[in-house]
Amino acid sequence: HIRAELEQAGMTKDRIRDIPNGVPIPPLQDEIDRGAWRQRLGLKVAAPVAVFVGRLSPEKGLTDLLGAWKRIQSELPNAQLVIVGSGPQDKELRGLAADQPNIVWAGATQQPNRYLYAADVFVLPSYEEAMSISLLEAMAAALPIVASDIPGNRGLIESGRHGLLVPPRRPDQLAKSILLQLQAKSLAAGMGRAARQRVEEEYSIALMARRHIELFESLTHKKDR
């Protein structure tokens with residue numbers, strides 16, 4: 001989309017270079033001790049955990065997530081939803097969820113990976129996204145994904161391979177996919193591993209740094225000539 005805007009503004013194709021967002025790739029053991037991370041964060045150790053990380057604003061689709069969570073609670077009463085972040089919709093969302101005791105409002109943090117390591121699934125129900133850093137970080141943590149089927153997410157997740165994509169504004173479908181990731185653990189873990197591999201190969205911050213350096217060097221060489 002950005003490339004198309006630049007071309008419409010008159011920039012020639014040979015001057016455009018695509019360098020997407022990159023994220024650090026955390027070292028992971030073969031098996032993350034999610035129970036230990038939950039204990040550190042004050043979460044229920046034995047209960048399933050879903051996590052959202054991002055800005056609390058209408059375009060993130062969090063009202064759909066809260067609607068989906070009511071359906072999930074009917075099947076998994078002990079499951080916990082952790083919402084990490086802050087934003088203009090904070091008070092409204094807390095009011096909507098006042099009757100749901102198993103929702104944890106973690107607020108903003110400089111260390112979102114702690115919550116990713118504690119969770120069983122990452123959920124991103126946005127109506128619009130560019131290339132979500134939160135989604136990339138969840139993929140790098142090998143966390144099973146449920147995200148809305150919109151262009152920004154679709155560019156990172158092949159549904160059924162790296163995670164599950166669901167139509168936006170469909171709390172019923174969102175709930176069904178979250179439940180699948182929480183209950184079909186072997187399938188979900190395989191998607192998490194595939195997601196991490198994709199980030200390692202295509203979206204690591206080290207790779208993006210190298211691509212920037214290569215671009216700067218190519219521009220320097222052109223100037224020298």
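**Salt bridges and their setting**

Asp-172 has a relative accessibility of 29% and counts as partly exposed; the term covers values between buried (under 20% relative accessible area) and exposed (over 50%), with a 1.4 Å probe and protein chains only. The model is predicted, so local features need pLDDT of at least 70 and side-chain atom pairs pLDDT 80 or more, while totals for chains, interfaces and linings use all residues. Residues are numbered from 1 along each chain as its sequence is written, and side-chain values rest on heavy atoms, leaving out hydrogens and water.

The partner of Asp-172 is Arg-170, and the two side chains meet in a salt bridge of 2.8 Å from N to O. Such a bridge requires a side-chain nitrogen of Lys or Arg within 4 Å of a carboxyl oxygen of Asp or Glu. Arg-170 is itself partly exposed, at 35%. The whole structure holds 11 salt bridges.

Another of them joins Arg-161 to Glu-158, whose closest N and O atoms are 3.5 Å apart. Glu-158 is partly exposed, with a relative accessible area of 42%.

Arg-196 and Glu-200 both belong to helix 9 (residues 185-202), where four residues, about one turn of the helix, separate them. Helices here are DSSP runs of H or I with at least four residues, strands are runs of E with at least two, and both are numbered from the N terminus. The closest N and O atoms of this salt bridge are 3.4 Å apart. Elsewhere, Arg-3, Glu-7 and Asp-18 are linked in a network of salt bridges.

As background, six strands form an open sheet with parallel pairing, in the order 3-2-1-4-5-6; strands pair if DSSP finds at least two bridges between them. Strand 3 (103-107) and strand 6 (164-166) stand at the edges with a single partner strand each, so one side of each has no neighbour in the sheet. Strand 1 (residues 49-53) has five of its five residues buried. From this strand, Val-49, Val-51 and Val-53 point one way and Ala-50 and Phe-52 the other. Five bridges join strand 1 to strand 2 (residues 80-84) in the parallel sense, with Val-84 as the bridge partner of Val-53. Strand 1 also runs parallel to strand 4 (residues 121-124), over two bridges, and there Phe-122 is the bridge partner of Val-51.
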